[in-house]
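Subject: Structure handover

Hello,

Here is the structure I said I would pass on. My notes on it follow below the files.

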Amino acid sequence: MITFDPASLKTRLAELESAMGEPGFWDDQRRAAEISAEHARLSRRLDRYDTLTRDYDEARELYELDGDLADELDAHLRPLEQELGRLREDALFSGDYDAGDALVTIHAGEGGTDAQDWAEMLVRMYLRWAERRGFKAELVEASPGEEAGLKSAAITVAGENAYGTLKAERGVHRLVRLSPFDSAHRRQTSFAQVIVAPLVGDEAE
């Protein structure tokens with residue numbers, strides 16, 4: 001089970017701050033940028049945890065003073081539970097590029113026009129999902145299909161843990177439905193391939 005570990009977070013922040021205080025830290029611009037970005041990311045995560053802890057302690061003290069506030073406090077604690085879940089989820093992203101941005105490429109596979117329509121549906125789904133998640137998503141390339149949909153498309157998704165969150169989407173996605181492009185409305189199986197890659201600087205391997 002993955003848990004959020006504030007003690008380990010504080011230890012890592014101390015290590016990063018020590019590195020940032022070394023003479024000549026900015027001589028290696030790439031290393032300095034990576035360390036600074038990690039420090040900022042972990043600091044935000046720890047600040048979120050401290051805020052959650054403070055809000056929970058305040059709610060508990062209010063309940064001890066007046067038990068009649070239980071229903072009101074329960075409604076107050078619900079979003080805190082959701083935010084704690086997000087922090088636990090963040091702990092899953094430990095890969096080299098998990099914390100960074102992502103490039104999502106979608107290619108229509110077998111299924112003709114239905115597959116191209118399915119590819120476009122996936123593009124819209126990822127764009128809406130990214131917006132709800134608080135990521136910044138941009139459609140940077142789109143190749144229209146012959147009759148409808150898209151042959152291929154590329155989306156950049158920017159935000160904390162964007163790549164770590166999206167990398168599980170890699171693979172072939174299948175849709176089975178009654179085809180709106182078939183005059184007989186026969187059942188059609190369509191395929192689209194989703195490729196997720198980290199967005200990294202030009203200096204990366």
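**D182 and its loop**

The side chains of D182 and R186 make a polar contact at 2.8 Å. Please keep in mind that the model is predicted. D182 sits in the loop that runs between β4 (171–178) and β5 (187–198). Is D182 buried or exposed? Its relative accessibility is 16%, and the cut-off for buried is under 20%, so D182 counts as buried.

**The sheet**

The two strands on either side of that loop, β4 and β5, belong to an open sheet of five strands. The order across the sheet is β2-β3-β1-β5-β4, and the pairing is antiparallel. Which strands lie at the edges? They are β2 (136–144) and β4, each of which pairs on one side only. From one strand to the next, the twist averages 20 degrees.

Within the sheet, β1 (residues 102–108) pairs with β3 (residues 150–158) through six bridges, in the antiparallel sense. I106 stands opposite A153 of β3. Helix α4 (residues 112–133) packs on this sheet and touches β1, β2, β3, β4 and β5. The direction of α4 makes about 45 degrees with that of β5.

Helix α2 covers residues 29–65, which is 37 residues. The expected span takes 1.5 Å times one less than the number of residues, so α2 should span 54 Å. The end C-alpha atoms of α2 are 54 Å apart, in agreement with that value.

The buried residues of α2 are A32, I35, E38, H39, R41, L42, R45, L46, L52 and A59. What do they pack against? Their partners are α1 and α3 (70–90). As background, an α-helix has 3.6 residues a turn, so residues three or four places apart point the same way.

On the α1 side, L16 is a residue to look at. L16 lies in helix α1 (residues 6–20) and counts as buried because its relative accessibility is 2%. Leaving aside residues up to four places away in sequence, L16 touches I35, E38, H39 and L42.

Regards

Definitions and conventions
Residues are numbered from 1 along each chain as its sequence is written. This is a predicted model: local features need pLDDT of at least 70, side-chain atom pairs count only at pLDDT 80 or more; totals for chains, interfaces and linings use all residues. Side-chain values use heavy atoms; hydrogens and water are left out. Helices (H or I, at least four residues) and strands (E, at least two) are DSSP runs, numbered from the N terminus. Buried means under 20% relative accessible area, exposed over 50%, partly exposed in between (1.4 Å probe, protein chains only). Contact means heavy atoms within 4.5 Å. A polar contact is a pair of N or O atoms within 3.5 Å; within protein, one must be able to donate a hydrogen and the other to accept it, and residues adjacent in sequence count only if both atoms are side-chain atoms. Two strands pair if DSSP finds at least two bridges between them. Axes are lines fitted to C-alpha atoms, for helices over the stretch in contact, and angles run from 0 to 180 degrees between N-to-C directions.
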